[in-house]
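Please read them with the structure open.

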Number of protein chains: 2
Amino acid sequence: MYDLFFRKFNERVALTSEEEMLIKQLLTPKKLRKKQYLLQEGDTGKSICFVEKGALRAYVLDEKGNEYITAFAFEGYTIGDLYSFMNAAPATLNIDALEDCELVLLSKSAHEELLQKLPKYETYIRLLLTDAYIMLQRRMTNMISLPIEERYIAFSEMYPTIFQRVPQHMIASFMGLSPETLSRVRTRISNKK
Amino acid sequence: MYDLFFRKFNERVALTSEEEMLIKQLLTPKKLRKKQYLLQEGDTGKSICFVEKGALRAYVLDEKGNEYITAFAFEGYTIGDLYSFMNAAPATLNIDALEDCELVLLSKSAHEELLQKLPKYETYIRLLLTDAYIMLQRRMTNMISLPIEERYIAFSEMYPTIFQRVPQHMIASFMGLSPETLSRVRTRISNKK
DNA sequence: GAAAAACGTTGACAAAAATCAATGCTTTTA
DNA sequence: TAAAAGCATTGATTTTTGTCAACGTTTTTC
């Protein structure tokens with residue numbers, strides 16, 4: 001049930017089986033069907049969500065109802081509205097399933113209990129945050145410093161398998177482009193080769 | 001010397017004076033004159049840098065030598081090439097002083113020693129990272145979802161005092177715009193009012 | 001299994017932004 | 001303090017990107 005969760009955890013911080021037990025008690029499994037919401041704008045993000053299986057996306061809406069995808073999450077990723085989770089504030093993100101999902105949820109109270117009882121948990125969270133921050137910073141740097149074509153190439157090297165799982169117009173949205181522009185970028189690149 | 005550093009620390013995690021002593025021993029003060037480098041591309045980012053006084057920027061260069069500013073840091077901020085620091089890898093960022101600076105440096109070995117000896121330090125780092133991640137995510141979301149004018153307004157509400165300290169063309173760079181475009185955005189906005 | 005919806009591509013056009021150049025002003029620097 | 005460098009703005013132009021529409025294909029859905 002929580003295989004991947006603990007595999008990832010142990011890759012970073014090795015746990016004893018007692019420690020695993022302690023954590024396991026505080027986790028909640030959840031299945032989500034494709035298109036179902038994990039979180040809707042205005043809800044309070046009560047959980048951190050780890051993806052055992054499947055794929056999700058996070059997005060915001062503007063006043064016209066246009067979607068802007070801010071994140072994807074696949075197996076082994078963590079997703080959630082961190083601001084909402086940390087501050088018990090209404091979420092600005094929507095998160096829904098792109099495929100049927102098996103998720104592992106960690107509630108706010110479970111999170112706090114683990115921070116109290118298990119220093120290794122805090123270490124793991126710190127490492128996760130560090131990685132997430134570095135990735136996001138790279139994405140931002142690419143956004144402001146690279147011309148679109150190179151940004152696309154960097155993106156496709158970073159997430160080589162994403163095209164099999166996510167429609168292209170969502171990737172465009174994630175990159176801050178219109179679907180037509182991304183399509184044209186792709187044909188331009190493949191013509192060059 | 002380390003006033004602001006400990007003030008910020010104690011705002012998040014309260015320290016005893018013994019704990020402050022322990023940390024203080026491991027900090028290194030550094031002064032930097034305007035235009036001096038804290039870090040150059042290719043160096044290994046050996047320190048996390050806390051700003052007691054002054055202002056710095058981080059930027060990357062493209063092959064033509066154009067600068068793209070990825071971050072500013074003022075009093076109370078932390079700056080550094082996190083990837084380089086964590087992985088002892090060559091930095092991709094350049095960091096230099098926009099004003100004369102008083103800095104507090106924390107070396108990699110000091111960082112590791114504190115993580116070992118002082119759980120509160122890890123908590124503080126975790127909280128810093130959480131905030132930094134949330135801010136960066138907001139910046140990214142604004143970048144892909146807001147039209148330029150609103151992005152500018154959001155930016156100027158987020159950092160209202162920045163215009164007194166940073167030339168406008170650097171703000172343009174930070175926002176991923178040409179200086180001319182930012183100038184025009186500003187006149188458009190002020191004409192509306 | 002048929003109808004509907006979603007998707008990616010292409011073309012024509014409009015809008016936005018970058019680039020290039022010139023100007024006047026302010027700040028640095030020698 | 002004079003010269004140089006840095007800076008913000010504006011205009012003209014080019015390039016890039018978005019928008020709107022149409023089309024054929026694939027995937028969902030009932």
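1. In this predicted model, a polar side-chain atom of A:Gln168 is placed 2.5 Å from a phosphate oxygen of DNA strand C.

2. Of the atoms of DNA strand C that come within 4 Å of the protein, 62% belong to sugar and phosphate.

3. Which elements supply at least two residues each of the surface near DNA strand C? They are α7 (168-175) and α8 (179-192) of chain A, together with α8 (179-192) of chain B, and α8(A) gives the most, with 4 residues. Helices are DSSP runs of H or I with at least four residues, and strands are runs of E with at least two, numbered from the N terminus. By class, this surface has 3 nonpolar, 7 polar and 6 charged residues, where Ala, Val, Leu, Ile, Met, Phe, Trp, Tyr, Cys and Pro count as nonpolar, Asp, Glu, Lys and Arg as charged, and the others, Gly among them, as polar.

4. In chain A, helix α4 (residues 108-117) packs with helix α5 (residues 119-145) at an angle of about 115°, their axes being 5 Å apart; axes are lines fitted to C-alpha atoms, for helices over the stretch in contact, and angles run from 0 to 180 degrees between N-to-C directions. The contact (heavy atoms within 4.5 Å) involves A:His111, A:Leu114, A:Leu115 and A:Lys117 of α4(A), with A:Pro119, A:Tyr121, A:Glu122 and A:Ile125 on the side of α5(A). These residues divide into 5 nonpolar, 1 polar and 2 charged.

5. In chain B, helix α2 (residues 17-26) and helix α4 (residues 108-117) have axes 10 Å apart and an angle of about 160°. The contact joins B:Leu22, B:Ile23 and B:Leu26 of α2(B) to B:Ala110, B:Glu113, B:Leu114 and B:Lys117 of α4(B), and its residues comprise 5 nonpolar, no polar and 2 charged.

6. On conventions, residues are numbered from 1 along each chain as its sequence is written, while chains are lettered from A and ligands numbered from 1 in the order in which they are written. Local features need pLDDT of at least 70 and side-chain atom pairs count only at pLDDT 80 or more, whereas totals for chains, interfaces and linings use all residues; side-chain values use heavy atoms, with hydrogens and water left out.

Key: Near = heavy atom within 4 Å. Polar contact = N/O pair within 3.5 Å; in protein donor to acceptor, adjacent residues only side chain to side chain.
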